[in-house]
Amino acid sequence: MADDGMLLNFELPSDAFAPKQTFKGGSWKDRLTARKSAEYGSMKARGESGRSLPQFKEMRSKDEELILPGERPNKRPRTSEGGRGTKPVRTEPRDHRLPKSITKGEYISSLFTYNQESSTKHEEFTVDDSVSAEPSNAPLNDELATFTKLGLSSTLASHLLNKMEIKAPTAIQRKSVEQLCATDSDAFIQAETGSGKTLAYLLPVVQRISQISKQMKEEGQNFNRKSGLFAIILAPTRELSKQISTVLENLLSCFHWIVSSTVIGGESKQSEKARLRKGLNILVATPGRLADHLNSTEVLDVSQVRWLVLDEGDRLMELGFENDIQKIVSVLNLRSRKIQEHPVPGLPERRTTVLCSATIKATVDQLSSIALKDPVSISADASEKSNTEMEQAFSAPAQLKQSYALVPPKQRLVALVAALKQAFKRKGSVMKCILFMSCADNVDFHFEVFTREETSPSTENKDASEDTLRVPKMSKTDKIRQGGTIAETRTQGLATAFSGQDNPVQVFRLHGSMQQATRTSTLKAFTNCTDPSVLVCTDVASRGLDLPNVDLVIEYDAPFSKEDHLHRVGRTARAGKDGRAMIFLMPGCEEGYVEILKEGRPRNLTRHDAAELLKKGFAASSGVVGGKDWEDIATDWQMDVERWVLANRKHHEQAYRAFQSHIRAYATHTAAERGYFDLKQLHLGHLAKAFALREKPSTIRVPGQRPGKEAVAKTKEARRAQAGKAAAGSKRAHDEDDFDQGAADEQQAKRMMRMKSKMAMTGASEFNLG
Ligand SMILES: Nc1ncnc2c1ncn2[C@@H]1O[C@H](COP(=O)(O)OP(=O)(O)OP(=O)(O)O)[C@@H](O)[C@H]1O
């Protein structure tokens, strides 16, 4: 199941994050009224009468912050004038920025009040940006390190130079080409992102097969596509398989008699079978599809396979391809025993299996035990390393400039737009940016926000139109007709939200719930786009993809694991080029994640704060534009998006979905890192603002999804009443059991959900990658 389409069988309990009702903020009168109102509400629910009290929506603290029962306002920040508990110092009134009228169930809070502040020092780990770091994944500058000296034929070496503009090997290529051209032992190849691992395993494979073809010709035999399948390369995703296949075809254009092909799904098995029937010498495949063909395609003869490459080994395991790989390896072992009628001259006795990744996790040991025998470790580093050492040693490219932005939940959306505005302010400063989000719903919603038609910024008072913009109530049939999904085919648009004045920016979206053909064409369009562009995507684009000219990576939603972080930021600063990466974190427990970032041994890790981003993004250097300061401009923009969401049912539902899916995704960080991403500490009310939602989080429901605890409680009550009326004690007991069983199941469901959503959101299967 894909990440955005997941209608999982549990919903976050509406009151799960609500502490005991306490009312803070505003004057004592506000707090008293709020408490009385809440008491009145519960009396009313119990059927007791009470004197009329003001509706809660009418109450607003003096700071414009609406403090809701069930929501946790942040603690007042300490001020130099007084300790906690003293009246906060109000720098300026915010009221003028917010609409004067609000409607039932709708709460509008200011972007700039009650935000949690950072608890860490600003100076930490900030390094001078002007200090340039030597690229660590660049081609070698060593005259002795020529491809011919490493064992490649002069034909292949000159093809690399003249046709592919590859002059010298990278460090990992030097080691691996030398090793794999000379020996048949299994190998682990581990090197940082963008260091040329694809050629590190393809070059020796092509070289060895070209030698076989040469030997056959010398012995008077004809080498052609029917001579045998000699190498299989497995990759976890279709996109990656296609990319490997393209590099391979480029290489093989100097050996046109060696034929390669792919079986990766996404097209009919019949046409794949037809290709296999024609014969081929090198096959690039996804594990599931290959296992399928090994089962059902008789013409697929794997008895002569002598090279098996498992690219992105740890990812293959993460995505649950273990069984498929096990099956493939045992079929290869079994069929390699077949006695050949016409043995191929020069074909090695044993099969060489190569495992390759930028990050080597414990799971790789498992894969190694399935597929490898006494492997040699090949890393770019000069020292020989054990697996554990390799696991600890992975790092980001040295020349990559990393930073993190500490942004409170309410300001996330505006700060993101500000960062993008700043990045694309000057023509040519950033060409391509990849923006990572946690799930497909998030990608879809933000794509729409970035490409929406903006209303005139001169519209000063929009209060009058607030009610007319209200979302029309969705009828039951509408909901059914919509089926809980939004059909959206547009994958490219002009970024109205952050295009520079003379610098139009294109936005693309990519995630695993899109049709394969759309995914492929979107990637192609992004790659070929000559305008500055942003690819908003899930982790489907985090592994192995080599998209040219990406100079900025933004992780708006934190990665699910530190390995994912390295792969994401590794889409830039490739093969010695420069690159920048920024991750968004929230003040509070997420700040601790900086320690994890440091584990990737970045040469620099600069910190940005929300105010700094907003100021740079929303105002000129003077800080004031047309009499408005950057806070006003950011607020106007946020309000505009909120109104846009309210005005259209589709956008509203998209925002709902994105909010809910994001929270689910938030719960799926690896156990080791969950402490930094603690759902209980996430201020859902504030976070909703980053999705331009004005509703109370517990009321946010996506049509077709299972009701939350509140709704279940209501149903339970109704069912109890019914059971009571019918005086059917046994039935009641049965219903109770159902609910208790439901509660027990919920734990199980949550566990399943965590696993499923992690898989779906990171790309659970090659056929439906998220
Ligand atoms: N020797 C070389 N000289 C110059 N460029 C190279 C060389 N080898 C590879 N490249 C280029 O470097 C880029 C990255 O290569 P590749 O995709 O193989 O990296 P990788 O190590 O597999 O990265 P990842 O871990 O992200 O998958 C590609 O654009 C490739 O063309």
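Helices are DSSP runs of H or I with at least four residues, numbered from the N terminus.

**Figure 1. Overview of the predicted model.** The protein contains 24 helices and 17 strands. Of its 770 residues, 45% count as buried. Among contacts between residues at least 6 apart in sequence, 79% link residues at least 24 apart.

**Figure 2. The shell of residues around the ligand.** The ligand is surrounded by 19 residues, of which Thr193, Gly196, Lys197, Thr198 and Ala575 are the closest. Helix α5 (residues 197-218) supplies the largest share of this shell, three residues. By class, the shell comprises seven nonpolar, nine polar and three charged residues. Because domain 2 (171-379) and domain 3 (400-699) both contribute residues to the shell, the ligand lies between them.

**Figure 3. An open sheet of eight strands.** The strands follow the order β10-β11-β12-β9-β13-β14-β8-β15, and their pairing is mixed. At the edges stand β10 (492-494) and β15 (605-609), each of which pairs on one side only. Neighbouring strands of the sheet are turned against each other by 20° on average, direction ignored.

**Figure 4. Strands β11 and β12 with the helices that pack on the sheet.** Strand β11 (residues 506-510) runs parallel to strand β12 (residues 533-537), and five bridges join the two. Within this pair, Gln506 stands opposite Ser533 in β12. Helix α14 (residues 440-451) packs on the sheet and touches β10, β11 and β12; the direction of α14 makes about 165° with that of β11. Helix α16 (residues 516-528) also packs on the sheet, touching β10, β11 and β12, and the direction of α16 makes about 150° with that of β11.

Terms used: Residues are numbered from 1 along each chain as its sequence is written. This is a predicted model: local features need pLDDT of at least 70, side-chain atom pairs count only at pLDDT 80 or more; totals for chains, interfaces and linings use all residues. A residue is near a molecule or strand if its C-beta atom, placed from the backbone, lies within 6 Å of it. Ala, Val, Leu, Ile, Met, Phe, Trp, Tyr, Cys and Pro count as nonpolar, Asp, Glu, Lys and Arg as charged, and the others, Gly among them, as polar. Domain bounds come from an automatic or database domain assignment. A residue is buried if 20 or more other C-beta atoms lie within 10 Å of its own, exposed if 12 or fewer, and partly exposed in between; C-beta atoms are placed from the backbone. Two residues are in contact if their C-beta atoms, placed from the backbone, lie within 7 Å. Two strands pair if DSSP finds at least two bridges between them. Axes are lines fitted to C-alpha atoms, for helices over the stretch in contact, and angles run from 0 to 180 degrees between N-to-C directions.
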